[in-house]
Amino acid sequence: MDQTVDNRTATTAAPPMSESEKNAIIGGVLLSMLLAALDQTIVAPALPTIGRALGHAEYLPWIVTGYLLTATAMAPLYGKISDVYGRRPVIYAAVLIFLLGSLVSALAPNMLVLVIGRAIQGAGGGGLFALTQTVIGDLVPPRERARYAAWISGTWAVASVAGPLLGGTFAEHLHWSLIFWINLPLGFLAMAIINNPLKKLPIAAKHHRIDGLGAVLLVIATALLLLALNWGGSTYPWFSAEILGLVACSAVFWALFAVRLLRAAEPLVSLEVLSNPIVLAGTLSMFLLQAASIGISVYLPVYLQAVVGLSVSESGTAMLGLLLGTVAGATFSGRTIPRFFHYKRIAMFGIAFAILCIGALSAIAGHASLLEVEVLTTLIGLGTGTTFPVSTVSVQNAVDRAHLGVATGVLTFLRSLGGALGVAMLGAVALGYGLPLAAEGSPTRIEVTSVTPFVMIFVTAGITLVLALIALALMPEKPLRGRAEHAAPVLSE
């Protein structure tokens with residue numbers, strides 16, 4: 001299954017690249033990332049309409065799950081492949097796969113074809129998530145890279161807000177297929193923007209092998225785990241034979257993947273990268289932080305409807321505080337990192353501040369006013385947002401250019417996996433305390449007899465943030481490289 005790729009080492013330096021060309025590349029890859037992020041949020045409001053149009057409404061969750069499965073599982077593969085073949089062809093491949101999935105989804109005559117189209121979309125979207133950060137890592141030295149993390153956070157915030165609005169508008173007033181057709185012109189625009197300047201992108205030259213068997217084992221192990229997390233507590237009870245069987249099978253494939261990492265001539269994820277203490281602690285802190293953040297963002301609207309008394313649309317608007325706080329935190333952190341020698345303290349302070357705020361929210365959850373919830377959730381977002389630039393820059397700064405794609409792919413993979421785990425974990429807490437999640441998304445107010453489920457959800461998220469803070473505290477710090485240390489040879493064409 002090993003495929004050897006012989007890359008020729010160039011002796012010339014990278015062609016000079018102007019600031020306008022760099023900005024064009026960054027703008028183009030961020031547009032590509034926006035497409036992938038939008039397709040995680042734009043579909044949900046249209047699901048009832050799609051169910052009525054295509055039938056077999058019992059399979060509607062697979063429209064979301066199919067995308068999540070392939071996007072998460074494929075993220076680390078793109079990092080390795082781009083280290084072998086270069087960023088430009090791999091980005092093009094990811095965009096084209098994503099657009100192919102969009103076309104299949106838009107033309108889908110039935111639910112099965114739509115689910116297949118969504119899985120194809122995810123296979124491309126997972127690459128766009130990882131490659132966006134990798135390309136920015138290629139263009140900008142770590143000392144200056146953190147400020148671009150705010151652009152990435154802003155992209156996610158735009159997708160979180162615009163996705164549901166566009167999806168609902170298209171489904172209600174036009175046609176549900178437009179949520180997929182809109183990707184085609186935007187995707188080709190992104191490719192046109194980055195086409196010429198991306199040719200000058202410096203790539204570290206090295207002999208590589210693509211571990212095909214390792215890739216297959218990783219995809220299967222991830223897919224089985226995500227299926228267990230998505231189905232547990234909803235489709236099947238957590239301790240049912242189906243969920244326990246999926247977890248057991250996933251564990252077997254993870255074990256096989258670990259064995260493959262030890263025995264492969266060049267493993268899919270370099271042992272040099274995995275054994276790096278900065279990479280280990282940085283990716284673990286991101287995994288835990290994302291578990292808490294995504295979990296909160298999923299169950300906060302339920303709390304706002306059930307306890308504060310907002311409608312579905314009002315609770316969606318009230319989420320802006322958390323989203324904007326996250327962007328503001330990432331922006332502050334990104335602009336501040338170059339000024340601090342001990343830059344990880346920015347994120348440590350931010351997480352500690354978020355823990356205090358979520359503790360306060362859990363304490364007043366039963367009688368909090370909308371203003372109090374908005375202030376506290378905005379501050380939670382502000383605190384957690386500081387971690388994204390610190391973790392990303394620390395991990396990328398810890399490895400050389402030859403392993404930049406792999407390290408960024410691992411970070412993206414664990415970030416996505418952490419989000420899925422967080423939703424499942426807090427969902428288990430909610431169900432354990434009797435929260436009627438079946439009413440989520442209903443046009444009427446959710447009725448609860450006790451605020452305890454929400455208190456426990458907030459407490460569990462707070463504990464997860466404490467673990468993220470510990471992981472970050474254990475992460476060693478390495479001085480950030482500047483422009484002088486950033487140069488790398490390129491592949492000759």
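The following legends describe close-up views of a predicted model. Local features require pLDDT of at least 70 and side-chain atom pairs count only at pLDDT 80 or more, whereas totals for chains, interfaces and linings use all residues. Residues are numbered from 1 along each chain as its sequence is written, and side-chain values use heavy atoms, with hydrogens and water left out.

**View 1. The largest nonpolar core.** This core (buried Ala, Val, Leu, Ile, Met, Phe, Trp, Tyr and Cys residues joined through side-chain atoms within 4.5 Å) contains 75 residues. Tyr303, Ile351, Ile457 and Phe458 have the most contacts inside it. Helix α12 (residues 277-308) supplies the largest share, 15 residues; helices are DSSP runs of H or I, at least four residues long, numbered from the N terminus.

**View 2. The Tyr303 and Phe458 ring pair.** The ring centres lie 5.4 Å apart with planes at 80 degrees, so the pair is edge-to-face (centres within 6.5 Å; planes over 60 degrees apart). Tyr303 belongs to helix α12 and Phe458 to helix α19 (residues 452-473), so the pair ties together parts 155 residues apart in sequence. Tyr303 is buried at 0% relative accessible area, and Phe458 is buried at 2%; buried means under 20%, exposed over 50% and partly exposed in between, with a 1.4 Å probe and protein chains only. Ring pairs join Tyr303, Phe454 and Phe458 in a cluster.

**View 3. Trp254 and Phe257 in helix α10.** Both residues lie in helix α10 (residues 241-263), 3 residues apart, about one turn of the helix. Trp254 is partly exposed at 25% relative accessibility, whereas Phe257 is buried at 8%.

Technical notes: Helix = DSSP H or I, 4+ residues; strand = E, 2+ residues; numbered from the N terminus. Phe/Tyr/Trp six-rings, centres within 6.5 Å; stacked < 30°, edge-to-face > 60°.
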